[in-house]
Amino acid sequence: MRLCALILCAAAIPLAAADLFRDDFSRYPPGWLSSPVGLLNAAIQEYHYLPHRGVPLGPWENVICHLDAWVAGDENGQPYLEQHFVAASANQFTNPLFMTGDPEWRDYTVELKVKPLSTSDFAGVVFRYRTNRHYYLFALTGGNQARLTIRQPMDTTFRTPAWKELGSVPFSYDTLRYYTLRVENDGPRIRAFIDGKLVLEANDSEIVQGKAGFSAIIPARFQDFRVTASERTKASIEQRIRAREAELAGLRAGNPRPKLWKKFDTPGFGAGRNVRFGDLDGDGRTDMLIAQNIPRVRGDAFDAISCLTAVDLDGKVLWQVGRPDPRNGLLTNDTPFQIHDLDGDGRMEVVLIKDFQLQVLDGRTGKVRNAVPLPVAPDGKERPYDRVSGDAIAFVNVSGDKGRREILFKDRYQTFWVYDRNLKPLWTGTGLTGHYPYPWDIDGSGRDHIAIGYALWSAAGKKVWSQDSRLRDHADGIVTGSFGPDPKAPPRVYASGSDEGFLLFDIAGNLLKHVRVGHNQSPSVAKYRPDLPGLQYISVNFWRNPGIVTLFDWDGNILAQDEPIHSGAPMLPVNWRGDGQEFCLLSANVREGGLIDGHLRRVVMFPDDGHPDLAANVLDLTGDARDEIVVWDQNRVWIYTQDRPFSGKRIYAPERTPEYNESNYRTTVSLPAWKDVP
C-alpha cells in the first residue's frame, strides 16, 4: 500500500514548467498606448494600415484596435497595464482585449494579477483565443462572482454578444488589491484558480488551443502576465509551429515574389486611400489622381476635396487643382471624384463634387468643362448646408446606352440622385443607402438595375423592393450577380451589412441567409478556391471585432474564418499567378500583410525593403493580365510586379469591376475569363 501511495503521489506532481511567455509590462512608457493616433478618427484603420496607434506593442496586440483602451503606469514601483474604458465608451457590445502568443499554444497555464477598479462588470484572463469573437474567459465580475465562459463566434441577436456559460462561483472581492488568476488547460479540461485556490473546473472542447491575454469592460489594472507549459508540451508546440512555417515557406516558394517596378515621391500632395487610376493624358498608360480633403462640420460626414493632383506612374505632375497641404492627406470616408470617359469620345474626364457643384474636368488639363449647382439638401438628421455636399459618385446605365454614362451621387446615408452626362437631373431615391451602390443589368435589357443599401431600383427610378426597414445597420458593401456554378442562374444580392453581418437576398428581395459574423465590410468576389464550384465571397470585420476574415461560398456558407490582421485590409482580389486562382490582399505590411489564399494562408509576403504600407490598390499596369500592387502613403508611391514572367499559352484575365466606379466601400467583383498569350 505504501508503494502504491508513493506512485500516485509522484503521478500527481506536474512536470517542470517552462515559460512560453512572460511580461511585467515595463516595456511600455507611462501613458496611453494609443497616443498620438488616438486623436484621429478611429475609422482611419478601416482601410489604412497602421501597425499600432502610437506606441509599438512588441509581442502584444491591441485586438480591438480602434479602441484607445490601454494605459501604462506604475503602482508602488511595479508597472501595470490599465484598461480605462467603461462599458458605454467601449460601445457596450464589445470588450477591449490585449493578446499575445500563437494559435498553436495548447495545454498551457496562464496566470496574471488583476486589480478591478470597479465592480460593475468583469475583468479577467483570456485563453484558447481563436478570434476576438471566439475565446474563453475567466473573470471576476459584479463584485461577488468568479465566472468561466466562452464567447461564441456567431451572435443570434443584433448587437448582442453570445456567451456560453461554463460555470460560476460566489466570490467577494474589492478594488483595493490585486488578485492572482490562474487557468490550467489540459486538453478539454479547464481548472481555474484565484490566489492559488481552485474555484472552478470544466470540460469543454469547442476550442482546445489558441493565444492568451486579458480583457476588461470596466477599469482594471493587470500585472505579471505569465504563460507556462511542461517542457514536453513546449517542445510539441514549437514543432507544430515549425511545421506550419515550413508549409507556408513551401507555398510561398511556389508563387512569384513581389518585385519593385516603379517608385516616386508625392511631396506635399500625397494622400491616404483617396486615389483614382485612369489614362488622364491619353497616352495609353494609366495615371494616378490623388485627392486631399478637409473635414467639415464634424467627423467625416461633410468632407470637401481641397486639392487634386494628377501624376503619371513615373511621378511627373500632369496638373493640379487647389492648394496642396500634407495635413489634408488622410480621410475616413469616400470623397466624390472619379475618372471616366463621360461623353464617349475616347478621352477621359474627371467627374467630381466640389464647392457644392457637380463638375466635369478635362482629364488632360484639369480645366472645368461643365458644372451645375447641386440640389437643395433634403431634410434629415443633419443639414448644415442648404445644398448637398456629396459623399460618393458612381456611373450607371439607365438610358440603354452602350456604356455607363449617367452619374449617380449620394449623401451619407439618406438620398441619391441620378443625372445624365450633360448634368441634367433624371430622378432621385431615398432609403438606407449605405456607402456605395452596385449597378448591374439584371434582366438583359441593356439598362442597369441599381442595388443600393438593402434595396433594388429599376433604371426608371422605381423602387423594386426594399428591406431597409427590416435591418438596423447600413450596408458597407453590396453586390448583385450570379456567382454559383451556373452563371445563367437567377442573380442574387449579397451584402456586408456592418453590424448586421452577412446577408443574402434573392432577386425578389427575400432574405435567404443572415449570418451574424460581426461588423462585416470590405467584401470582394473572386475565384479564391479553384477546387470548389462557383465563386467565393470574402470580407473582413472592423468595428468592435476588427480583423476577422470570413470566406463564404456562393450560397452563403462559411468556408473558412480566421483573424490574420486587425488594421487596413482592403480585401482586393489579386490575379498574381495568371493560372485561374486569385489571392486576396490584406495589406503591404511585411509582418501582418501579404496575400492570402482561399484557405486564409499568407502565400505571398512583401519584401522588407522600406516600402510604404499605409494604403494599397490592385490593377494590371504592365499589360500581361496579371495584377500589379500599388502601395503608398502620404509621401511616396511604390509599385510591385511579379519577379518572374508568366509561362503558358493561356493566361487568366478576369473581368473586374471597372476603375471608374472606385470607392473605399465598393465590392470588387472578379469574373473568370482567359486570353491567349501572343
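This is a predicted model: local features need pLDDT of at least 70, side-chain atom pairs count only at pLDDT 80 or more; totals for chains, interfaces and linings use all residues.
Rolling a probe the size of a water molecule over the atoms shows where empty space is left. In this model, a search of the whole structure returns 6 cavities of 30 Å³ or more.

The largest cavity holds about 130 Å³ of space. Its lining is made up of 15 residues, and those closest to the centre are Pro570, Leu572, Ser663, Asn664 and Arg666. Strand E38, residues 520–526, contributes the most to this lining, with 3 residues. By residue class, the lining of the largest cavity has 6 nonpolar, 6 polar and 3 charged members.

The second largest cavity holds about 110 Å³. This cavity is also lined by 15 residues, with Phe93, Arg133, Asp155, Arg159 and Asp499 the closest to its centre. Its lining divides into 3 nonpolar, 5 polar and 7 charged residues.

## Cis peptide bonds

Ser35 and Pro36 are joined by a cis peptide bond, with omega near 15°. Pro36 lies in the loop that runs between strand E2 (31–32) and strand E3 (61–62).

Tyr413 sits in the loop between strand E27 (406–410) and strand E28 (415–419).

## Positive phi outside glycine

Asn76 is a residue other than glycine with a positive phi, near 55°. Its position is in the loop between strand E4 (70–75) and strand E5 (78–83). Asn76 counts as exposed because its relative accessibility is 76%, and the cut-off for that class is over 50%.

Arg544, likewise not a glycine, has a positive phi of about 75°. Arg544 belongs to the loop between strand E39 (536–541) and strand E40 (549–552). With a relative accessibility of 12%, Arg544 counts as buried, since buried means under 20%.

E40 pairs with strand E41, residues 558–562, in the antiparallel sense, and 4 bridges connect the two. Within this pairing, Val549 faces Asp562 of E41.

E40 and E41 together form a hairpin, with 5 residues between the strands. Gly556 is in the turn and has a positive phi of about 85°.

## A four-stranded open sheet

An open sheet is built from 4 strands, in the order E17-E48-E47-E46, with antiparallel pairing. The edges are strand E17 (258–265) and strand E46 (615–619), each of which pairs on one side only. On average, neighbouring strands in this sheet are turned by 20° against each other, direction ignored.

Inside the sheet order, E47 stands next to E48. Strand E47 (residues 628–632) and strand E48 (residues 636–642) run antiparallel and are joined by 4 bridges. One of the residue pairs across these strands is Val631 with its bridge partner Trp638 in E48.

Definitions and conventions. Residues are numbered from 1 along each chain as its sequence is written. Side-chain values use heavy atoms; hydrogens and water are left out. On a 1 Å grid over the protein atoms alone, a cavity is a set of points where a 1.4 Å probe fits but cannot get out, and a pocket is an open set with protein on both sides within 12 Å along at least five of seven lines; lining residues have an atom within 4 Å of a point. Grid points are joined across faces, edges and corners, and a volume is the space filled by probe spheres set on the points. Ala, Val, Leu, Ile, Met, Phe, Trp, Tyr, Cys and Pro count as nonpolar, Asp, Glu, Lys and Arg as charged, and the others, Gly among them, as polar. Buried means under 20% relative accessible area, exposed over 50%, partly exposed in between (1.4 Å probe, protein chains only). Two strands pair if DSSP finds at least two bridges between them. Axes are lines fitted to C-alpha atoms, for helices over the stretch in contact, and angles run from 0 to 180 degrees between N-to-C directions.
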